[in-house]
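The following note sets out points for a colleague who is examining this structure. The points are numbered so that each can be checked separately against the coordinates.

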Amino acid sequence: MRNAIPLELVGRLKALIKRAALEQSGLAAKGEDINLDTNGAPGSDTQWVGNLYLHSLLYTDPAFEEILAAPKPLALIDTLLGRSALLASMGTHFKSMGGGELPLHTDNGNGMIPPFRQISEVANINYALVEYSREQGGLGMLPGSHLWCRRPNPGEAPLETNPDVVAVDLHPGDCVVWHGNSWHGSFNRTVPGIRMNLAMLWNRQYIVTQEDHSYIPDDVRERHADDQRLLNALGDKQAYGWRGDQTTAHPTTSVPRSTGPDYRKMGMGPQTLYD
Ligand SMILES: O=C(O)CCC(=O)C(=O)O
C-alpha cells in the first residue's frame, strides 16, 4: 500500500525511534549517537553494527497512536481478523549495515501448532520508515506461502539462498499487510545507514498479545474516547484476565480490573470469522 501515512508523520516517528534505539541499545548511556541520514553514502556510517528489535513503543508518544489509527491498513486488518482484533505489539526492527538477515518465519508464534488454519489468526502491518530494497535490508516475502499452513524448515529459512523470495521495494510511508501464515523476513543490509520499520502485529481476540494490553493508560483513553474501535484494539472489551482483588491493572490507569468474570464483556466476543 503506497503512502499509507504522511511523510510528516514518518519524520516524527523516525526521531522517536532513534531515541528508543539509543536508550534500548545502551548507546545513549555511553554518550554515542547513530546517524540516521547517511542515505547509503560510503564512509558516512555510524560505528554501530547490529540488529535491534525495539519494543513497547505505543505508549511512549501519541505519534504511535496516530499510526495505529491510520485507516487504510486498519481496513485490511478488519478484513483478515475481524473488528475484534487486538494489537499484539508495536515495535521496530532497527538494523545497520552488516547486522545480518532476519530469516524467513511466520508470525504464528507462542507455540501455535501446525498445521495452521487457512484463516488468518495473526496479521502484520509493516511500515517502511526509510527506503526498502534488498541491499538496504528491506523486507523479503515468499508469495503464496500463507497457503502452506506451516513454518519454513531450517533449509528453507535463509532469504539469501531461497530462490522463491521476492524483495519488497518500498518508500517511506508505504506499508505491507500480511496474513500471519506468510513466510517473510528481512535482508542483510549491505550499504551504510539504518533500515527501520514500524511493525504492528495483530491477533484475533482469543490469542495472547505480545505486549501487556491488560490496561489502557488514562491519557490514551481520554484522547480516543470517541474511537471505541481503537480502544477495543487495546483490549477494552477483552473479557479474560480477571483477578481476585479490585486493584487497577497498572499505575497509569484508574480503571480497576474486574474481580471474577465480567459476563457483559464475555457476551461481546465475536460470533463469526469477520465480525
Ligand atoms: O521488516 C523486517 O525486518 C521484518 C519484520 C518481521 O519479520 C516481523 O515483524 O515479523
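1. Strands β4 and β9 run antiparallel and are joined by 7 bridges. One of the residue pairs in question is N126 with its bridge partner A199 in β9. It should be kept in mind throughout that the model is predicted.

2. The pairing of β4 with β9 belongs to an open sheet of 5 strands, ordered β1-β2-β9-β4-β7, with antiparallel pairing. The edges are taken by β1 (51-54) and β7, each of which has a single partner strand, so one side of each lacks a neighbour in the sheet. On average, and with direction ignored, neighbouring strands of this sheet are turned by 20 degrees against each other. As background, strands of a sheet pair through backbone hydrogen bonds, in either a parallel or an antiparallel manner.

3. Strand β2 is joined to β9 by 8 bridges, the two running antiparallel; here L86 has N203 in β9 as its bridge partner. Towards β1, there are 4 bridges to β2, again in an antiparallel arrangement, and Y53 stands opposite H93 in β2. How many residues of β2 are buried? The count is 11 of its 11 residues, and the strand is thus described as mostly covered.

4. Helix α1 (residues 7-25) lies across β1, β2 (86-96) and β9. Its direction is at about 110 degrees to that of β1.

5. Helix α3 (residues 71-81) has P73, L74, I77, L80 and L81 as buried residues. These residues lie on the same side of α3 because they cover an arc of only 120 degrees around the axis. On the other side of the helix, P71 and A75 are exposed. The cover over the buried residues of α3 includes β4 (122-128), β7 (175-179) and β9 (194-203). After α3 comes G82, with a positive phi near 90 degrees.

6. Which residues surround the ligand? They are H93, L102, D107, N124, N126, L139, H184, G185, S186, N197 and A199. Two or more residues of this shell are given by each of β4, β8 (184-186) and β9. The largest share, 3 residues, comes from β8.

7. A separate remark concerns E211, located in the loop between β9 and α4 (218-223). Is this residue buried, exposed or partly exposed? E211 counts as partly exposed because it has 19 C-beta neighbours inside 10 Å, whereas a buried residue would need 20 or more. Leaving aside residues up to four places away in sequence, E211 touches S56, A88 and S89. Between E211 and P163 the separation is 48 residues in sequence and 34 Å in space, taken from C-alpha to C-alpha.

Terms used:
Residues numbered from 1 in each chain as written. Predicted model: local features only at pLDDT ≥ 70, side-chain atom pairs only at ≥ 80, totals over all residues. Buried ≥ 20, exposed ≤ 12 C-beta atoms within 10 Å, placed from the backbone. Arc of directions from axis to C-beta. Contact = placed C-beta atoms within 7 Å. Pairing = 2+ DSSP bridges. Axes fitted to C-alpha atoms, helices over the stretch in contact; angles between N-to-C directions. Near = placed C-beta within 6 Å.
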